[in-house]
Structure formats: structure tokens, C-alpha cells
Amino acid sequence: MCQRSMKLLRMFVFVGLVIVKWVEGFEDANVTDLDMQYVSGRGFYRPLMVGFTLINGAAAKGAVCLDGSLPGYHFHRGYGSGSNSWLIQLEGGGWCGTIKNCLYSKKTRHGSSFFMEKQIPFIGILSNKAEENPDFFNWNRIKIRYCDGASFSGDSQNAGAGLYFRGQRIWQAAMEDLMSKGMRYAKQALLSGCSAGGLATIIHCDEFRELFTRTTRVKCLSDAGLFLDSVDVSGRRSLRNLFGSVVTLQGVQRSLPRSCTSRLNPILCYFPQHLIAGVRTPLFLLNAAYDTWQIQASLAPPSADYHWNWYECRKNYARCSAPQIQYLQGFRNQMLRSTRAFSRSYKNGLFINSCFAHCQSERQDTWFAHDSPRIGNRGIAESVGNWYFGRVSVQAIGCPYPCDKTCHNLVFK
């Protein structure tokens, strides 16, 4: 083979590896990274750092991470008026739907507790400061780490690859452990989650409700979990392909509501648009209409962007062409249609702002700050609090881009 051909071959292999690692890295991304960047960027700011606790009884129940290590969580005790109130947050971090990707994940914090941080900052909805988190600052606040790759669902394993798909068992073991530590006495409880954790919140919302007595106020908050079964820029369905592989590989079907799987393919029942109308427990959907994860990994991933026409747009909304913005407006319209029936129920809440963002409850600047995103005259924390405590009904939908000037839009390098 001539020298020029060898150079071209090496170049194509390098570009292919970059694309693979970009997709793997983005699917493995999680708001904890954004939290740490935000904290370090503030200089003087010193958030509460909360230590990591392993669920020691989990192994006996087969509730283990992808690599067989113990799952765990970060727990900060409530006090005063919040001592009998509990906020559970399910971490996000993408999915793994192939043996290859799960083997990759098991060597990261999203597949093994050996790689998890020993301390993480509690900011946003987890903050312990009243001026940053007015309604939940003194509650018992727990962040359950994500290490199964299927949104805390599924129950299977691949012995040959040394992979354990035990998301459902991890969920159950975590709940049992927390109930033994006082959550069974809760007067108020809120299950929340971001991204893959937001999907998990929707899947497990009614199960969470059943843990408590009728007199306990129990509600759920899904942040950036409204993943849509959308057609990508190539005319295919990239996210359906990913979800299909996750459901099949990890045995997720048994974790999904029968009310959905009895009438639809289980793969479709992994999409929240087919689940939210059937959730009996009060549920709040917080989502950016132009969710950056879905733009980058579902609508215009490199695998669908054959000519790299979306390369600049998917990283920076300001570089999108007029036709690309029009395409994204169609995505927003699909999101609004998918929530139409859901929003008719008075018990449910909705906050869909027209921002290029992802996971707005876990960042302090978007959750509650002087310049946080707003719809009308209310920000995210105030809207969630109003809904949870029944102060005001919240069905907030922002005007389409570019009219919202309060957004904290994400731009990627």
C-alpha cells in the first residue's frame, strides 16, 4: 500500500475513534461534572461536601453495580422542621446497551463504586442553605449513585463478560436501607432525578409512593428526563435504537409498568411520553425545550450527521442556521404535544423553558439564584416548591427561542 494511502487510512481510523469516544463520553456525562465546574468557577464559594456511604447489605440481595461492587449514596441529615421530610435524588449518567459499552462503563463511576467520588458537593436542590434552596434546605437529602446503566431498572447479568445488570435490585436495596434509617417515618417525601435519573424517577414514582402511609405527602420531580422518541437528522431513530438495546440486554421489561407494556412494545414504554399519563402519583416535569443531551445524542449525533452539517450547531446554539433552528422548533413542538394530556391533571406540574440546557435542578445558577431562568415571574425552585406544597398550580411553558432572555444556555467546546 502506498504511503499516501496509509496516511489516509490512519486519518480515518483516528477520526472514527474520536467519534466513538465522543459518543461514549457524552453518554457517560453527568451533571456531577457540571456541578464541580460550577463550584470551582465561583472561587470563594464553599458548598457542603457530603461523604459516600456503601449499602453493605446489598450484595446479599444481588443488588450490585455493573462490575459487582456495592452501590451507595450520599446522605445529609435533615433537622428542625425538615427532620421528617425526605428528598431522594437519583443520579443520571447515560445508558449502556451493548456488552462493549457496559464493559467500558464498569471501569467508570457509572459502573463501579470503586471509581465514585468519596465526597460530592450538595448544591441546587440538594443545598443546605435556605438562601439557595428555600423549600428543601433542611430536609433529609440523599443522592443515590448510578451504576447500572439502565436507569435503576432491569434485572439480568452476563456471566461471561462479568457484567451485572441489577438496576431494579439497587433501587429496592437503597429504598430498604433508607427506610431502616428513618425514611419510614417521613411526613413528606420527594423523589427526584436528573437525565437518566429523571427517567428512573418516572419509572419508579408509583413504587416510591407505595413505600409510605396514605397520610405522607409523596410526589416526584423528573428533571431533564423527558426523552422523546424522535426522528434524527438522518431520518432514523437513534435514541430508539439505544433504548432498544438497553431494554433487551438488561432485561428492563419487568421493571416497566404493565399498564404500558400490555399495550405497547417494551422499548416504547422506556420513553416517558408513553409513561407519564399513567403515573398515579403527582409528578412534576422540568425540562428544557431544546435539551442539549437530546440534541447531541438523539437528534443530531455524529452517527446520523453524515456530512457534519450539525457539528457547530450541536455544540453552540448561536451557530445554528435558520433551517436547523426550525428543526429544533419542531422538537419543542413534539415535547409540548407529548405533555398535553399529562398537564390536564391538576395534580401534575410542568416547567418547560425554551433554553439549551440539561439538568437545571442540580445546578445552583439555574435552580435558585438572582438571575436564574424564569417563566413569567417565577423561577424553577419557586415553581417546584409552589407545586409540591400546593401553594399554586404550576403549568409553565416558555415562549419559543429566542424570546427567553433568562436562560443559562450551555455551550460546548
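Is Phe 152 buried or exposed? I looked this residue up before anything else. Phe 152 is buried, with a relative accessible area of 1% (buried means under 20% relative accessible area, exposed over 50%, partly exposed in between, with a 1.4 Å probe and protein chains only).

A note on the ground rules. This is a predicted model, where local features need pLDDT of at least 70 and side-chain atom pairs count only at pLDDT 80 or more, while totals for chains, interfaces and linings use all residues. Residues are numbered from 1 along each chain as its sequence is written, and side-chain values use heavy atoms, leaving out hydrogens and water.

I placed Phe 152 in the loop between strand 5 (140–144) and strand 6 (156–158). Helices (H or I, at least four residues) and strands (E, at least two) are DSSP runs, numbered from the N terminus.

Ser 195 sits in the loop between strand 8 and helix 5, and is buried with a relative accessible area of 6%.

I then turned to the peptide bond between Tyr 401 and Pro 402, which is cis with omega about 15°. Pro 402 belongs to the segment after strand 14.

I traced an open sheet of 10 strands with mixed pairing, in the order 4-1-2-5-3-8-9-10-11-14 (two strands pair if DSSP finds at least two bridges between them). Strand 4 (119–122) and strand 14 (395–397) are at the edges with a single partner strand each, so one side of each has no neighbour in the sheet. On average, neighbouring strands here are turned by 20° against each other, direction ignored.

Strand 1 (residues 48–54) pairs with strand 2 (residues 72–76) in the antiparallel sense over 3 bridges.

Strand 8 (residues 188–194) runs parallel to strand 9, joined by 7 bridges, and Ala 189 stands opposite Val 218 in strand 9. Strand 9 is also parallel to strand 10 (residues 283–288), with 4 bridges, and Cys 220 faces Leu 283 in strand 10.

**Entry: helix packing**

Which angle do helix 8 (residues 292–299) and helix 10 (residues 322–338) make? I noted about 110°, with the axes 12 Å apart. Axes are lines fitted to C-alpha atoms, for helices over the stretch in contact, and angles run from 0 to 180 degrees between N-to-C directions. Helix 8 and helix 10 are therefore roughly perpendicular (65 to 115 degrees; under 35 is roughly parallel, over 145 roughly antiparallel and the rest oblique). The contact (heavy atoms within 4.5 Å) uses Gln 294, Ile 295 and Leu 299 of helix 8 with Tyr 327, Leu 328, Phe 331 and Met 335 of helix 10.

I also checked helix 6 (residues 238–250), whose axis comes within 8 Å of that of helix 8 and crosses at roughly 85°. That makes helix 6 roughly perpendicular to helix 8. Ser 238, Leu 239 and Leu 242 of helix 6 meet Trp 293, Ala 297 and Ser 298 of helix 8.
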